[in-house]
Structure formats: structure tokens, C-alpha cells
Amino acid sequence: MNSGGIIALEDRHNSGVYSKQPLVLVRGEGARVWDAEGKEYIDCVGGHGVANVGHANPAVIQAVTEQVRRLMICPNGFYNDRRAQLLAELTRIAPSGLERAFLCNSGAEAVETALKFARLSTGRTKVVAAMRGFHGRTFGALSATWRRQYRQPFEPLLPGFTFVPYNRLERMQQAVDEETAAVILEVVQGEGGIIPGDGEYLRGVQALCRERGALFIVDEVQTGFGRTGRMFACQHYDLQPDLMCVAKAIAGGLPMGAVLIGSRVGNLPQKVHGTTFGGNPLACAAALATIGYIEAEKLPQRAAKLGARLMDGLKAIPSPRVREVRGLGLMVGVELKEPSAPHLAALAERGVLALSAGATVMRFLPPLVIGTEEVDRVVQQVAAVLEI
Ligand SMILES: *Cc1c(COP(=O)(O)O)cnc(C)c1O
């Protein structure tokens, strides 16, 4: 079937909730993907920040293939070798103080779980989140998500959620009180437009939470696993969150999420929460291979270096359409003074895939294995597209 046929078939039968580029991707390797007609692209969408170790990563392929043959199904009522190893690895690489983890299947589920644990642990119900923040689409996660377009069709959402401007500590001080169960923040706001958090702000929020008996939830779903130049973005600022949500890149492309749990979270009694697929041996094997590869190949350092190169290159583009270039590591945004969608389509024509973050930001989340020449080609093509 050619691209036209595949697009027609998907369009006829899918739910319709996604807006799509008219591109059929059928194969990937490293930082490249190919469409059904064999055209090659540099992939700066990276599965929205999933493909950190690259497409068709050999270590992930081997681990998954072996585990598929051995054992795919092991409910949480039993123990499993791969799960035990992954729990040990996750807590080893996490910011200090996170000694336990709950394994689940997506970013939204990780956020959902963290919110439930925060209520359970504090006996409080209110949550403070940030304007422009994004935490997922399930009811709890959506209640902490700012964008009206996502929220409004599904109201009423959970009660007790308030939003404050990001990076403004005095506004957070006014919002957190003795009824606040948790504050939830991203370290770099992704979906909201690639807005890096200020280190002093984030440390200030953490201190405020300690002082007022609230838990500090950090959402590292997009920033985690080397993306920003450290294994976790928290580690840039020595943050010690009480609950840290991860997902996206964790298992090299297989669906998985996790919540890491600190010592300020109280006892979590048996049977208060659970999920069938969470911590299944296949996802655990893939995650172990992914973490091993990220460390062996020093992908965080690579993201720091190539992210700086990408950002410097983009900043040097002399286009009056650009308002600002910002980011951390290989999480980079170009904010335009106009809608980004036509430019993203033009970029795809030129063999580079990137995504939007809000209406006016071009977002780049390439696999961290991207090469120097590929980064330079991305910059060249963005320059060509933004030329008047
Ligand atoms: C993508 C994302 C989520 C939601 O993850 P899903 O796996 O799509 O449910 C939550 N938080 C952040 C910061 C994200 O980028």
C-alpha cells in the first residue's frame, strides 16, 4: 500500500482526535526515519521525546527479543528478576533520596499515581500547578494541565487545583498553604513552549513545600533519561523531589512510566493502588537496556554538547521571524512571531521532522544519538525555511 492508501485507511477508522502531518513513517534507525516511499528524514520529533537511544537501538532490540522468548507476563502479585533489577537501577540513577518506585505504563499514569500518593500521604487534597504546564490527559493529570483547550471539553475536573505563573516564587508562596497536598512542576516546560525553569525558583519551591508540609512532585516525563544534558533535569539544580514522574524515553520506545518515591511520602498500604501491565518483564528488560545504553554511551553529555551546538546554530539564524531560541540540552524551542505549523510542514518537505509546542514554537527533541553533521543539517534547513 502506498502513502495515500495508508493515510486514507487510518483516517477512515481512527478516532479523529489527532492532527497529523500527511506522512507515513515505516522504518527508523538512529536519528533517521523513512516514509513509505523511501524518503529519508532527520527525526527531531523523536517520538515526542521517547527515542533518546535512537530508532532500532541494537541493545534494546537484543534485550526485548531475549525477554519475549523468556517471560512477558508476571503480575505484581509475584516477583520477577527483570523488575527487581530495574527498580534497583532506577533508584540508583535517580536524584538522591528516591529509594522506591511504582512502575506503570505512561506519563499520564505516572502523574495520576503521584497525585494519588500525595493525597494519601498528606491527608490533604489541594494541588498547585503552573500556568503553561502539561502533565497528561487522564482526569487527574488533566486537572494539573493548564491549557484551556485540553481541559474545558471535559469539565468538571478534580477540585482544588490552582495555577500560578511559572518561575515566579512569590506567586507560589501565595498559593501553597496548609491544605496543599502537592506542588507539581516540570523542570523545563515542554508542551508549554520549551520554557526552562530557573534553578533558584525550583529550589525555592522545594523549600516552600518542606516548610508547609506539601509534597514536591517533579514531572520529568519529557526531560528525563539524558534529554537535557543530565540523566534527570532535577540534577542540574540538585533538586530532591518527593515524587518524580518519568515515562517517554524510559524503555527505549516501549510504553512504560514510573513514579519514584522519596522518604517524605508516608506509608503506602497494600492494595491502595495498582495496574495490570505496570512493571511487566518485557518493559523492564527494555528499560534496563535503555538505561545501560544511555550510561555506556554517555548520552547526557552528548545531549549537553550537541544541544549547545543546535541552539547556537539556531540563534545565529538571522531571521526577523524568530522571537527567541531557548532550551536545555537537546530539548530546544524556537519561538516565532507567527504560527509555526507552516514552517514545520516546509521543514518536513526538506527532510527534517520537528514538532510544535503551542501555536508559535518549533520544538526539537531529536534522539540523543544524533550526529554533529545531522545537527548542522537541521540548522541549515531551519535557516532555509525561516528565510523571507
Ligand atoms: C508527554 C507528557 C506527559 C504525558 O505522558 P503520556 O505518556 O502521553 O501520558 C506528562 N508530562 C509531561 C511533561 C509530558 O511531556
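Proline 156 sits in the loop between helix H7 (148–151) and strand S6 (161–164); helices here are DSSP runs of H or I with at least four residues, strands are runs of E with at least two, and both are numbered from the N terminus. The peptide bond that joins glutamate 155 to proline 156 is cis, with omega at about 5°. The model is a predicted one, in which local features need pLDDT of at least 70, side-chain atom pairs count only at pLDDT 80 or more, and totals for chains, interfaces and linings use all residues. Residues are numbered from 1 along each chain as its sequence is written, and side-chain values use heavy atoms, with hydrogens and water left out.

Serine 143 belongs to helix H6 (residues 139–143). Its relative accessible area is 1%, so serine 143 is buried (buried means under 20% relative accessible area, exposed over 50%, and partly exposed in between, with a 1.4 Å probe and protein chains only). The side chain of serine 143 makes a polar contact at 3.0 Å with the backbone nitrogen of leucine 158. A polar contact is a pair of N or O atoms within 3.5 Å; within protein, one atom must be able to donate a hydrogen and the other to accept it, and residues adjacent in sequence count only if both atoms are side-chain atoms. When neighbours within four places in sequence are left aside, serine 143 is in contact (heavy atoms within 4.5 Å) with Thr138, Arg151, Leu157, Leu158, Phe161 and Phe163.

Two other loops hold residues with positive phi. Alanine 56, in the loop between helix H2 (46–49) and helix H3 (58–70), has phi near 50°, a positive value in a residue other than glycine. With a relative accessible area of 45%, alanine 56 is partly exposed. Aspartate 238 lies in the loop between strand S10 (215–219) and strand S11 (243–246), and its phi is near 55°, again positive in a residue other than glycine. Aspartate 238 counts as exposed because its relative accessibility is 65%.

Next comes the ligand. The residues around it, each with a heavy atom within 4 Å, are Ser106, Gly107, Ala108, Phe134, His135, Gly136, Glu186, Asp219, Val221, Gln222 and Lys248. By class this shell has three nonpolar, five polar and three charged residues; Ala, Val, Leu, Ile, Met, Phe, Trp, Tyr, Cys and Pro count as nonpolar, Asp, Glu, Lys and Arg as charged, and the others, Gly among them, as polar. A backbone N or O atom of alanine 108 is 2.8 Å from a ligand oxygen. The side chain of aspartate 219 has an N or O atom 2.7 Å from a ligand nitrogen, while an N or O atom in the side chain of lysine 248 is 2.7 Å from a ligand oxygen. On its own the ligand has 380 Å² of accessible area, and the protein covers 80% of that; accessible areas come from the Shrake-Rupley method with a 1.4 Å probe, and for residues only the protein chains shown count as cover.

The chain as a whole contains 13 helices and 17 strands. Its radius of gyration is 21 Å, close to the 21 Å that the globule rule gives for 388 residues, so the chain is as compact as a globular protein of that length. This radius is taken over C-alpha atoms, and the rule is 2.2 Å times the number of residues to the power 0.38. The C-alpha trace spans about 55 × 55 × 45 Å along its principal axes. Of the 388 residues, 53% count as buried.
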